[in-house]
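Please read them alongside the model.

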Amino acid sequence: MLVFHVAEGIALGHQLNYPLVFGPLAGAVLSHLDLGLYLFFVLSGYLITRSFAAAYVDGRDMPGLGRYVRNRLLRIVPAYWAIFGLLFARHLLLPDRFPRGYFTSQPFEILPVLGFAQNFNPFNRAAELVWPAWTLDVEIGFYLLVPVLLFGLAAAPRPGRRVGRAGLLAAVVLGLAIGSLYFRSSAPIDDVWLRSLPAMLVAFTPGVLLAVLEPVVAPLLRARPAMRHAAFLLLLLAAGFFCLNHLAGPYLPAYIHTAHTWRTLLAAVASGCVVAAPLWWQWCGHGAWRLLDNGPLRWVGRRSYSLYLVHWGIALDLGLVRGGSPAWAPAGPYRLLAIGVTVLLACSLAAAAASYRLFERPFLDLRMRRRT
C-alpha cells in the first residue's frame, strides 16, 4: 500500500489516469496495488476467527472473551493513540503542510479518530494525519462481530459431526458475504456507507472461510502431502481473478463505487486465493516458503502495524501524497515514484522501528506475561 499511495499521489495530478502517467502496463499494475487492502482484511479474517472457528468445529468451549478483548486492545490501541498524538502535535506546532488552525478549529474531530469512529465523518480533518487508519474502524467492528457470532452459534444446538458444524458455520459466513454484497449494491455512493463494516464484510469472508475449513481440511491434507502442488493452482487462480478485476472496472480503488460490486467480489476472492496458497502448502505438512519466511520479512512483519500507521504522515511531510509535488524530487513519474518510494520506505521503516520499540513491544510483552 505504501507504493500505491505514492503512485496515487503522482496520478492525482492527472485525474487518476494511471495509463496516461505510467503507461498501459505499469499503469494497470500500479492502479490495482490497492488490492493489498483486501489481503489485509483476508488475513484479519483468518487470524482473528481461527481460534473461535476451531473451537466451534471441534465442539470445544469458546476461547476466553476477556483475554480476547484485552489482547486486541493491547495490540491496536497504544501504538495508534501514540502515533496519532505525535503526528497531531507535530502539525499543531509546525503547520507547514496545513494552514494554521486547520485542526484546532474543530477539536471534536479528534475524539472520533481516537475512538475509531472517523469513518462516520469523511471530512474529518484530524483523520487526514492517519488517513489509512480508516480500515481500523472496520477492523474494530469485525473484532466485535466475531465473538458475538460464534458465541451465539455455540449457544444454539450444534450438528453432531465436525463436518456438519464446519458446513453450518461456512453457510452462515457465505450468507453474511452475500448480505454484504447486497448492501454495497444498494447503499448510497458515499464513503460513510462504503467504508462501514456491512459494506466491507465481504472482504473478510475468504479468510474466515479458511479458518472454518482448517480443522477439517488440514488433517486430511497432512495424510496426502503430494497434494501440496495445488497451492500453485491457487496462485494461478489468484492471478486470473486479479486480471478479471482489472477488466471489470476503470483505474479506481475497488472499494469506492457501488457500481463496482463485482470488482469487490473479485478482489476478495483473488486475495483469498493468495492467502490460501501458503496455508494449503503448510496444511500438507510442509514448512513455510522461504520467500515468505526469512529474517528481513520477519523483521518488517513485526513492525508492520507501526509501518502502516506512520507512513502516511511521513508521506504528507515529504509531499508525496494528495497530489503533492516535492521540490526535492526530480521530474518524471518513474523517477519520482522510484525515489519517492525509496525515501518514504527508509523513513517509514526507521519510524516504525522506533514506534515498535517504544509503543508496541511493551504492551505486547504485557500481553505475553498475562498468558503465563
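1. Buried means under 20% relative accessible area, exposed over 50%, and partly exposed in between (1.4 Å probe, protein chains only).

2. This is a predicted model, in which local features need pLDDT of at least 70, side-chain atom pairs count only at pLDDT 80 or more, and totals for chains, interfaces and linings use all residues. Residues are numbered from 1 along each chain as its sequence is written, and side-chain values use heavy atoms, with hydrogens and water left out.

3. Beyond its neighbours within four places in sequence, Y80 is in contact (heavy atoms within 4.5 Å) with V113, L114, F116, Q118, V130, A133, L136, Y305 and L309.

4. Of its 372 residues, 48% are buried. Among contacts with a separation of 6 or more, 74% join residues 24 or more positions apart.

5. V3, in helix α1 (residues 2-11), is partly exposed, with a relative accessible area of 32%. Because patches take residues with over 30% relative accessible area and no salt bridge (a Lys or Arg side-chain nitrogen within 4 Å of an Asp or Glu carboxyl oxygen), joining nonpolar side chains (Val, Leu, Ile, Met, Phe, Trp, Tyr) within 5 Å and like charges within 9 Å, V3 can be counted in one. That nonpolar surface patch consists of V3, L25, V29 and L33.

Notes. Accessible areas come from the Shrake-Rupley method with a 1.4 Å probe; for residues, only the protein chains shown count as cover. Helices (H or I, at least four residues) and strands (E, at least two) are DSSP runs, numbered from the N terminus.
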